[in-house]
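Visitor: I've got a model open on my screen and would like a quick tour. Could you walk me through it?

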Amino acid sequence: MELNVNKSNNGSGAEVHTNMLIIGAGPAGLAAGLYAARAELEPVILTGMTVGGQVAITHVIENYPGFPEGLPGPELGELFKTQAERFGARVVYDTATEVDFSVRPYRIKTYNGTYTADVVIITTGATPRYLGVPGEEDFTGRGVSYCGTCDGFFFKGKEVVVVGGGDSALEEGIFLTRYADKVTVVHRRDELRASPILQKRALDNTKMNFIWDTIIDSIEGDETVSNVKLKNKKSGEESQYETDGVFIFIGHTPNSQMFVDQLEMDEAGYLVVNKFMETNVSGVYAAGEIADPNFRQVITSAGMGASAAIQAIRYLQEKG
Ligand code: NAP
């Protein structure tokens with residue numbers, strides 16, 4: 001069931017009240033929605049930009065239990081959504097822009113209107129981190145990308161550089177070898193951070209090669225990217241490397257800007273929660289990558305979402 005916000009809340013300032021508002025529709029938000037819906041709370045889930053969160057831009061998910069052959073990320077995201085909706089969760093294609101947790105019920109402004117909610121679960125996730133080098137912004141969409149699944153197709157028969165040494169860099173790098181003739185991983189150390197299984201797959205892949213101890217100083221080109229300037233961190237040697245594209249996978253930044261001065265967060269901007277997923281404001285919970293700098297797996301995010309919903313249901317029951 002999809003709630004048409006424009007019908008129920010025409011953006012003229014009218015408010016919609018809900019027992020539970022979930023901000024974000026990744027694995028954490030949709031799992032929270034499933035549990036709350038099964039408790040007949042009819043939660044409203046605000047999707048933000050995408051349903052499925054980062055899952056929606058992941059080519060294949062191989063480590064979510066129950067799918068031994070793996071499945072495409074967007075499909076898993078849709079399954080999460082369908083299951084939550086089956087029990088009465090209302091998925092709304094709208095984005096929260098402002099929250100006020102100082103008075104009850106809590107008030108959440110969106111692009112299309114305003115909600116009030118007795119409890120709120122925040123599952124806004126994290127977005128890819130930028131390198132911050134000259135050329136990166138200018139060439140975004142013209143050779144610089146943060147999503148192999150989205151943009152890999154444009155690099156058929158070409159050569160690309162992947163930046164980073166974690167699971168994302170290697171997983172996406174391996175995926176890019178479907179299209180690109182050559183994938184060069186540029187990593188700032190001589191040791192990868194990624195899990196052993198991905199390391200082995202990448203190192204064994206004949207289309208992949210590695211440049212170690214190296215950072216990218218700038219991204220250059222004309223209409224599109226044509227080369228990167230590299231610097232070896234150990235020797236200081238500078239060089240130019242020709243490439244058609246640069247895929248950047250160097251971690252994530254939590255999407256917590258909206259909660260500054262409202263909720264406690266750590267120095268990196270992750271929301272601080274206790275073991276019950278409670279933030280420092282009673283009745284406000286956080287789950288998934290917005291509150292998890294450590295694990296960031298589909299299963300751990302979904303688990304946190306379920307925990308937050310269970311705790312929120314208990315809280316609402318106690319409050320009558
Ligand atoms: P990550 O594990 O934090 O790795 C980021 C990588 O980027 C590291 O190798 C890091 O180098 C490098 N890096 C960071 N800042 C940089 C900079 N300014 N310039 C150059 N390199 C930089 O991030 P991730 O790969 O996105 O993974 C995030 C989480 O998601 C992890 O917990 C990961 O296990 C999980 N994940 C899991 C899967 C899976 O299970 N299949 C897939 C994707 C992601 P250093 O190593 O030197 O720090």
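Visitor: Which strands does α5 lie across, and at about what angle does α5 run to β11?

Guide: Bear in mind that we're looking at a predicted model. In it, helix α5 covers residues 167-176. The helix lies across β11, β12, β13 and β17, and its angle to β11 is about 170°.

Visitor: How many of the ten residues in α5 are buried, and which ones?

Guide: Buried here means under 20% relative accessible area. By that cut-off α5 is mostly covered, with seven of its ten residues buried. They are A169, L170, E172, G173, I174, F175 and L176.

Visitor: What do those buried residues of α5 pack against?

Guide: Two helices are on the list, α4 (148-151) and α6 (196-204). The strands that the buried residues pack against are β11 (159-163), β12 (182-186), β13 (208-211) and β17 (245-248).

Visitor: What is the strand order in the open sheet of five strands, and which strands stand at its edges?

Guide: The pairing in this sheet is parallel, and the order reads β10-β17-β11-β12-β13. Each edge strand has a single partner, so one side of it is left without a neighbour in the sheet. The strands in that position are β10 (144-145) and β13.

Visitor: How many bridges join β10 to β17, and which residue stands opposite V144?

Guide: β10 and β17 run parallel and are joined by two bridges. Look across from V144 into β17 and you'll find V246.

Visitor: Is R178 buried or exposed?

Guide: You'll find R178 in the loop between α5 and β12. The cut-off for exposed is over 50% relative accessible area. R178 comes out at 56% relative accessibility, so it counts as exposed.

Visitor: How far apart are R178 and F153 in space?

Guide: Along the sequence, R178 and F153 are 25 residues apart. Going from C-alpha to C-alpha, the distance in space is 8.6 Å.

Visitor: Are α2 and α3 roughly parallel or roughly antiparallel, and what is the handedness of their crossing?

Guide: The axes of α2 (residues 27-38) and α3 (residues 73-86) come within 8 Å and cross at roughly 20°. Angles under 35 degrees count as roughly parallel. The two helices are therefore roughly parallel, and their crossing is left-handed.

Visitor: Which residues meet between α2 and α3, and how do they divide by type?

Guide: From α2 come P27, L30, G33, L34 and A37, while α3 brings G77, F80, K81, Q83 and A84. The residues of the contact divide into six nonpolar, three polar and one charged.

Technical notes. Residues numbered from 1 in each chain as written. Predicted model: local features only at pLDDT ≥ 70, side-chain atom pairs only at ≥ 80, totals over all residues. Heavy atoms only, no water. Axes fitted to C-alpha atoms, helices over the stretch in contact; angles between N-to-C directions. Helix = DSSP H or I, 4+ residues; strand = E, 2+ residues; numbered from the N terminus. Parallel < 35°, antiparallel > 145°, perpendicular 65-115°, else oblique. Left-handed = near helix turned anticlockwise from the far one by under 90°. Contact = heavy atoms within 4.5 Å. Nonpolar A, V, L, I, M, F, W, Y, C, P; charged D, E, K, R; others polar. Buried < 20%, exposed > 50% of the residue type's maximum accessible area, 1.4 Å probe, protein only. Pairing = 2+ DSSP bridges.
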